[in-house]
Amino acid sequence: MDELYGKLYEALGRLKRLRIGDLFQEMTKTDGMTLLAIDHFNKEKEDGVLTVSELAEKIHMKPSAVSRTLKSLEDRGLIERTVNRADRRNTYVVVSEKGREEWKRMEAFGKEFARSVFLRMSRNDIENLLSYIDRFASVAEEEIERIVSERAAAEEEKRKGMEG
């Protein structure tokens, strides 16, 4: 079993080290993911306006890191920020028209790249790979949930023991 763990982590490491960012020299991975998140979360909100602090919370980044990324995106005209006049502590962020166009261009290129990779593999291999990844992720999620639940129960028992 140890050999399988090693092979799994090696394969995951190789995937993580793929230099996909080299295909998109005009934008870092963080820039692209932030742009996508802004667009996604603005569409998700009823009022359609996402604050910078909400964005930082949703993408699990420190506000200072989000601000640096937003500055870079804004300087290139890919997003627009506006300050809430009623509460100047809130700044709203949206993807600009130029940002949407850039994302569409990058998305089309990404799909073409994936298509090129898929063409070098059989349909059966791709379907099996996707099925195995999905199954692995489901089992891993269940196992994480079980461990977290057991830890919480143990902590609760420990807390009750200290109170009693």
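Strand 1 (50–51) and strand 3 (91–95) run antiparallel and are joined by 2 bridges, pairing being assigned if DSSP finds at least two bridges between two strands. T51 has Y92 of strand 3 as its bridge partner. The model is predicted, with local features requiring pLDDT of at least 70 and side-chain atom pairs pLDDT 80 or more, whereas totals for chains, interfaces and linings use all residues. Residues are numbered from 1 along each chain, and side-chain values use heavy atoms, without hydrogens and water. Strands (E, at least two residues) and helices (H or I, at least four) are DSSP runs numbered from the N terminus.

The open sheet comprises 3 strands in the order 1-3-2, with antiparallel pairing. Strand 1 and strand 2 (79–83) form its edges, each pairing on one side only. Helix 2 packs on this sheet and touches strand 1, strand 2 and strand 3, contact meaning heavy atoms within 4.5 Å. The direction of helix 2 makes about 105° with that of strand 3; angles run from 0 to 180 degrees between N-to-C directions, and axes are lines fitted to C-alpha atoms, for helices over the stretch in contact.

Helix 2 (residues 29–44) also packs against helix 5 (residues 97–119), at an angle of about 115° and with the axes 11 Å apart. This contact involves G32, L35, L36 and D39 of helix 2 together with G99, R100 and W103 of helix 5.

I79 touches L35, I38, L70, L73, E74, V93, V94, V95 and S96, residues up to four places away in sequence not being counted.
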